[in-house]
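Subject: The structure for you to look at

Hello,

Here is the structure I promised to pass on. Please open it next to this email and follow along as you read.

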Amino acid sequence: MGSFWTTIFLMLACFILSASPLKNYSSALAKSILFYNAQRSGKLPANNPIPWRGDSALNDCVVGGWYDAGDYLKLGLPLSYTTTALLWSINRFSDGYQRAGQLTQMYDMIKWPLDYFLKAWRPAQNELVVQIGDSTDHSYWGRAEEMTMTRPCFKINTVTKGSDIAAGTAAALAAGSVAFMLKGDLAYSNQLLNASKSLYTYAKANRGVFTGSAEFYGSSGDRDELCEASMWLYKATRGVNYLADARTFVDMETSWAYSWDEKIVGCQLMLYQETGETQYKDFVVSYFTAWMPGGTVTYTPCGLAWRSDWASNSYAGNSAFIALVAADSGINAASYRKWAVEQINYLLGDNPHSGGCYSYEVGYGSKYPLQPHHAGASCPNKPATCDWSQFSSTAPNPQTLHGALVGGPDQYDNFHDVRSDYIQNEVADDYNSGFQGALAGILHVQAINQFPATSNKCPCAA
C-alpha cells in the first residue's frame with residue numbers, strides 16, 4: 001500500500017510541476033500598450049501615461065508617429081507593418097482587448113501612427129514621407145526631448161520610388177478604417193479610407209522598392225505589401241477590384257516568417273478568410289507545418305520556436321498571432337491555439353533564464369530585463385544629464401520601459417541582459433506587434449471558453 005501511495009504522490013507531483021500556471025495575459029497586454037505610448041514622437045497629449053517622456057522632435061518634417069526602437073528614427077516600412085498588425089488584432093480580437101479592459105486604451109494608442117500617416121501622405125503632390133532621421137541618429141545617446149542633431153526627411157514620389165512602403169502604409173490606413181468603423185467613428189474611418197485608396201493607387205502606378213536609406217530595413221519586394229493593402233481595402237469597401245488585385249499580388253509559396261518584410265502568410269490567410277479557397281489555406285497550413293515541432297524551424301531546448309538570432313522572440317510572437325487568427329478561421333484550431341499559447345507562455349516566463357519564471361516583456365512579473373537597449377529608458381530623471389555614460393553603465397535602466405519585448409535568447413535559451421547587446425536586448429515597435437496581437441487572441445480564446453491545455457517544457461512553478 002505504501003508503494004502505491006508513493007507512486008500516486010509522485011505522479012501528482014509530476015503533473016503539478018509540468019502544468020504551467022495561467023499567465024496574466026491582460027496585464028501583459030496593458031503593458032504592451034504602454035510601450036507604444038513610450039515610443040511616441042511629437043507633442044504628447046495631456047493623458048500621456050509615461051512620466052519620463054515629454055514633447056520631442058517638434059521640428060520634424062512630419063510631426064508625430066512612433067520612434068522605431070531604442071533610437072529616434074521614424075521608418076515607414078516597419079511602422080506601417082506594426083500598425084497594420086496591431087489593427088488586425090483589434091479588428092479580429094476586440095473582445096480580447098475588452099476582456100483586458102484595454103479597448104479604449106488601444107484605440108487611443110493606435111490613432112497616433114494613423115494620424116502620422118495622414119500627415120505624411122500628400123496626394124495632390126503624389127508624395128509620401130517614408131523616413132525621418134538617418135545613421136547620424138546612432139551617434140546620439142540621450143533623451144528624445146534633448147535631440148539637437150539634424151533629422152533629414154526622406155520622401156517618395158513619381159521619381160523616387162517606394163511602392164513597398166506606400167502599399168504598406170495604405171494597408172495600415174485601410175485596416176484603421178475598418179477598426180474605426182467598428183468603433184462607430186465614421187468620419188475618421190472615411191478619412192483613413194480615402195487616404196488609403198489614393199495611396200494604393202499611387203503605389204500601383206509607381207512600382208519600385210525604396211532604396212533612399214538602405215542602412216535601415218531594406219525591403220525584399222513590394223508584392224506582399226500590395227497584396228496586404230488590396231485585402232484590407234477589400235475588407236473596408238467590398239470592392240471586387242481589390243480582391244482581384246490581391247489574387248494577382250499574392251505569392252503562392254510557403255512564407256519564411258511573418259514580419260515587417262514578409263507579409264505573405266498574412267495575405268494568404270486573409271484571402272482564405274474571404275474566399276474559402278483551399279489553395280490559400282494550404283499555404284497557411286504549410287507555413288505552420290514548418291513552424292511547429294517536427295518542421296524546419298529550430299527549437300530551443302525549452303521550446304521557443306527560434307527563427308533567427310535577431311528578434312527571436314518577435315518571430316515567435318508574430319507566428320503565434322497568425323496561428324490564433326488561423327485557428328479563429330477554422331484552420332486546425334486546437335493544435336494552433338495550443339502552440340500559440342505555449343509560445344507566449346515561454347515569452348512570459350516558461351523558460352530557464354535566471355532560474356526560470358523570467359519574462360522577456362519588461363515590467364511583467366518579478367524577473368525581466370533591467371537593461372533593455374533603449375536610450376530614453378536609460379536616462380535618469382531630469383535635471384541629471386544623460387549621455388553615453390548611461391549606455392556604458394552596468395546599473396539597471398532608471399526608467400522601466402513597461403511592456404517592451406526584447407529581442408530574445410539564442411537557440412540554446414541563453415540570454416544576456418546587457419544594454420549594449422542590441423541583438424538580444426534591443427526593443428522595437430515591430431517586436432511587440434504580433435506579441436500583443438497574440439495576447440489579445442489568447443484573451444479571445446479565454447472569452448469563448450476554448451483555452452487549451454498546455455505543456456511547456458520549462459514551466460514556471462511560481
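A word on the ground rules. This is a predicted model, in which local features need pLDDT of at least 70 and side-chain atom pairs count only at pLDDT 80 or more, while totals for chains, interfaces and linings use all residues. Residues are numbered from 1 along each chain as its sequence is written, and side-chain values use heavy atoms, with hydrogens and water left out.

The annotated residues

The UniProt annotation "active site", from an unreviewed entry, covers D417 and E426. UniProt positions are in the numbering used here, feature names are shortened, and annotations may be inferred rather than shown by experiment.

D417 sits in the loop between α14 (388-392) and α15 (429-447); helices here are DSSP runs (H or I, at least four residues), numbered from the N terminus. E426 lies in the loop between α14 and α15 too.

Are these two residues buried or exposed? Buried means under 20% relative accessible area, exposed over 50%, and partly exposed in between (1.4 Å probe, protein chains only). D417 counts as partly exposed because its relative accessibility is 22%, whereas E426 is buried because its value is 13%.

Now for their surroundings, where contact means heavy atoms within 4.5 Å. Leaving aside neighbours within four places in sequence, D417 is in contact with residues including Y358, Y368, P369 and N425. Q371 is also among the contacts of D417, and the backbone nitrogen of Q371 lies 3.0 Å from a polar atom of the D417 side chain.

The cores

A nonpolar core is a set of buried Ala, Val, Leu, Ile, Met, Phe, Trp, Tyr and Cys residues joined through side-chain atoms within 4.5 Å. The largest one has 136 residues, and W88, Y258, L271, F288, W291, I344 and L401 have the most contacts inside it. Helix α6 (residues 163-183) gives the largest share of this core, twelve residues. A second, separate core of eight residues includes A57, Y72, W141 and M147.

S319 counts as buried because its relative accessibility is 0%. Not counting residues up to four places away in sequence, S319 touches Y287, F288, W291 and W339.

Enjoy exploring!

Conventions
Helices (H or I, at least four residues) and strands (E, at least two) are DSSP runs, numbered from the N terminus. A polar contact is a pair of N or O atoms within 3.5 Å; within protein, one must be able to donate a hydrogen and the other to accept it, and residues adjacent in sequence count only if both atoms are side-chain atoms.
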